[in-house]
Amino acid sequence: MTRKLLLLVCCTFLLVGTAAAEAIPCDRDGNGTLTSSELAAAILDSLDARFMGGTVEAPSPVDLRDAAFIYEHWDGRALTITDSSGRATTLTRPLRRIALFNSDTLDMLRSLGLEPDRVVGVSKYVLEDPVFYPEYQGKANLGSIWSPDYEQAASIHPDAVFLYATLSESSCADIEKTLRSIDPGIRFFRFDGYRPATYAEEARTLGLLLGKEEEARRFLSFHRNVTGTVAGVVDAIPAEDRVSVYLESWHDYKSAGKGSGYDEKIELAGGRNIFGENPVEYPVVDPEAVISRNPDVIVKIVGAGELAFGGYGDDDRSSFETVCRTIGNRPVWDRISAVRDGRVHIIHSDVIGGPEYFIGTAYLAKWFYPDLFTDLDPRAVHQQYLEEFQHLDYDLDEHGTFVYPA
Amino acid sequence: MIFVLAAPAAAGSVARVIVPLPEGSGNGLEVTLTVTGIPVGGIVETIPDGYTWVGCDHPDDRTRVSGQNVAFAVIDEEAIRYRVQGPPEAGEAFTGTWEDLQTGESGVVGSDGPRNSGQAAQATVPSTPGFGYAAALAALAMICARRCGR
């Protein structure tokens with residue numbers, strides 16, 4: 001009997017807690033809309049109680065702050081957003097304690113001006129990169145999506161956890177299931193932060209979710225300026241006139257097949273992927289097949305695997321030159337037009353594989369059609385991105401290695 | 001090496017301009033508070049002894065008067081005008097504090113910007129964000145103003 005009573009009490013508390021969590025703070029009539037009158041009354045009650053000796057029951061500082069956010073950013077109503085996995089989530093409070101397993105989304109949030117104090121946990125990759133993520137050093141280490149630290153993730157009491165939408169879906173699903181069983185109150189959001197097809201929509205959604213709508217508009221204007229400049233030129237190039245491109249990852253002869261992210265980026269830059277019809281996303285190709293298809297341009301990606309150099313933490317550009325020379329020295333590759341014409345280019349994954357993909361795409365476009373993009377300066381785009389949107393004091397003239405030839 | 005640049009923050013402020021009431025309107029002052037960069041917040045003004053509240057152009061449901069204190073709820077307003085009755089020469093004795101409820105910043109009315117950044121309180125649950133430090137400054141300013149006025 002006593003145990004049943006205890007269970008009943010616990011359930012009642014849980015129900016009350018859930019109901020309270022779902023109400024919009026300071027919405028006095030409980031109709032689901034916080035009006036300006038309700039907000040004003042809450043502000044005055046708070047000021048009255050704290051500074052004017054009033055005895056009226058005032059809202060808590062947290063309720064008041066959240067109410068101000070909801071009124072200003074969500075028109076006083078609950079916000080329902082749909083993430084990139086297609087899941088709709090309704091929020092009645094702003095997110096204050098964010099945990100991110102997805103570093104690409106963290107870059108996007110930084111572009112939107114998210115205050116680092118709102119982030120309580122990050123992936124181990126963020127902590128391993130103090131050059132690019134200096135302000136996140138010291139945050140809780142969540143591990144990775146393949147090896148999550150559940151204890152750590154639960155201990156920081158996040159109100160939201162961000163995971164990938166389409167990358168390693170089963171691992172992300174496992175993380176969500178486990179953390180939800182520990183704390184049913186955690187909200188989960190799935191965003192990629194690196195896919196061209198969903199990039200702009202994700203930035204808009206995140207801007208709304210975090211109260212950074214204006215910042216999202218500003219960032220997307222910058223992003224659109226770059227992508228639009230490239231698209232405006234390459235869209236007019238007939239299919240038969242497009243340069244043929246062989247793209248190779250950091251693994252020798254591993255290329256990009258139909259529908260892969262790199263295939264999409266070659267197309268965005270106006271190129272024609274010589275393995276674009278290969279149904280395997282990242283096929284390992286025969287060197288003879290490359291020779292026979294005789295690409296106009298070769299693009300080699302470095303920054304991982306055996307070619308884990310370059311990027312923000314590496315100022316030595318000699319390794320890029322070595323990679324470029326090695327490709328030209330492959331047996332019989334001197335017959336390939338790209339090698340003969342000196343059109344072999346090296347690019348670091350930081351500017352082509354993640355949220356900075358549009359910078360890499362600008363480089364590709366310039367390499368593919370140098371005569372059509374004389375005014376396009378990808379390095380200047382990169383510098384502006386770092387200073388204006390990533391808020392980093394990083395001079396590309398002095399630091400980092402991202403492309404070769406520069 | 002790489003460093004984090006200070007993110008552009010829209011720091012708030014509230015300026016105060018005091019002018020005598022026009023002739024024929026009685027003995028008193030008109031106070032104009034110009035609000036910058038505070039979309040949602042609050043202001044508490046303390047009217048010096050010897051002055052009495054007359055009225056304001058701020059909506060009634062965003063204004064509360066209690067003794068010598070007046071509270072204003074700020075929701076997207078850029079200016080608030082209020083009138084007090086009393087001698088026209090003690091304008092500097094007005095004191096006030098403001099709070100930005102979005103950023104948690106607070107400050108003293110008439111100073112250049114926030115005196116207390118609320119950024120650190122964003123991820124935690126503060127007991128009373130903002131106003132504490134500003135209120136202390138305002139109290140000091142009021143004491144100083146009163147002493148200097150003697």
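**Confidence and layout**

Tutor: Chain A has an average pLDDT of 93, and 95% of its residues score at least 70; pLDDT is the predictor's confidence in each residue, from 0 to 100. This is a predicted model, in which local features need pLDDT of at least 70 and side-chain atom pairs count only at pLDDT 80 or more, while totals for chains, interfaces and linings use all residues. Residues are numbered from 1 along each chain as its sequence is written, and chains are lettered from A and ligands numbered from 1 in the order in which they are written.

Student: Where in chain A does pLDDT stay under 50?

Tutor: That is the case over residues 1-21 of chain A, for which the model has one contact beyond four places in sequence. Two residues are in contact if their C-beta atoms, placed from the backbone, lie within 7 Å.

Student: And what does chain B average?

Tutor: Chain B averages a pLDDT of 77, with 67% of the residues at 70 or above, that is, scoring at least 70. Confidence in chain B is lowest in helix H1 (residues 131-149), at a mean of 43, and highest in strand S7 (residues 69-75), at 98. Over residues 119-150 of chain B the pLDDT is below 50, yet this stretch has 62 contacts in the model beyond near neighbours in sequence. For the complex, the predictor gives an ipTM of 0.77 and a pTM of 0.83.

Student: How many helices and strands are there in chain A?

Tutor: Chain A has 15 helices and 13 strands. Helices (H or I, at least four residues) and strands (E, at least two) are DSSP runs, numbered from the N terminus. Chain B comes to one helix and ten strands, and its elements run β-β-β-β-β-β-β-β-β-β-α from the N terminus on.

Student: How is chain A divided into domains?

Tutor: Chain A has domain 1 (23-77), domain 2 (79-211) and domain 3 (236-404); such bounds come from an automatic or database domain assignment. The C-alpha centres of domain 1 and domain 2 of chain A lie 29 Å apart. Six residues of domain 1 of chain A are in contact with five residues of domain 2 of chain A. On the domain 1 side of chain A, the residues touching domain 2 are four nonpolar, one polar and one charged. Here Ala, Val, Leu, Ile, Met, Phe, Trp, Tyr, Cys and Pro count as nonpolar, Asp, Glu, Lys and Arg as charged, and the others, Gly among them, as polar.

Student: Let us change topic. What share of chain A is buried?

Tutor: Buried residues make up 43% of the 406 residues in chain A. A residue is buried if 20 or more other C-beta atoms lie within 10 Å of its own, exposed if 12 or fewer, and partly exposed in between, with C-beta atoms placed from the backbone. In chain B, 39% of the 150 residues count as buried.

Student: Which residues have the most contacts inside the largest nonpolar core?

Tutor: They are A:Val245, A:Ala269, A:Val297, A:Ile347, A:Leu364, A:Ala365 and A:Phe368, in a core of 53 residues. A nonpolar core is a set of buried Ala, Val, Leu, Ile, Met, Phe, Trp, Tyr and Cys residues joined through C-beta atoms within 7 Å. Helix H14 (residues 357-368) of chain A gives the largest share of this core, nine residues. A second, separate core of 42 residues includes A:Leu64, B:Val35, B:Phe72 and B:Val108.

Student: Is B:Thr103 buried or exposed?

Tutor: B:Thr103 is buried, because 27 other C-beta atoms lie within 10 Å. B:Thr103 is found in the loop between strand S9 (95-100) and strand S10 (106-108) of chain B. Its C-alpha atom is separated by 9.5 Å from that of B:Gly41, 62 residues apart along the chain.

Student: Which peptide bond is cis, from A:Tyr404 to what?

Tutor: The bond from A:Tyr404 to A:Pro405 is cis, with omega near -5 degrees. Most residues other than glycine have a negative phi, and most peptide bonds are trans.

Student: What is the phi of A:Asp75?

Tutor: A:Asp75 has a positive phi of about 55 degrees although it is not a glycine. A:Asp75 lies in the loop between helix H3 (61-74) and strand S1 (79-82) of chain A, and counts as exposed because it has 10 C-beta neighbours inside 10 Å.
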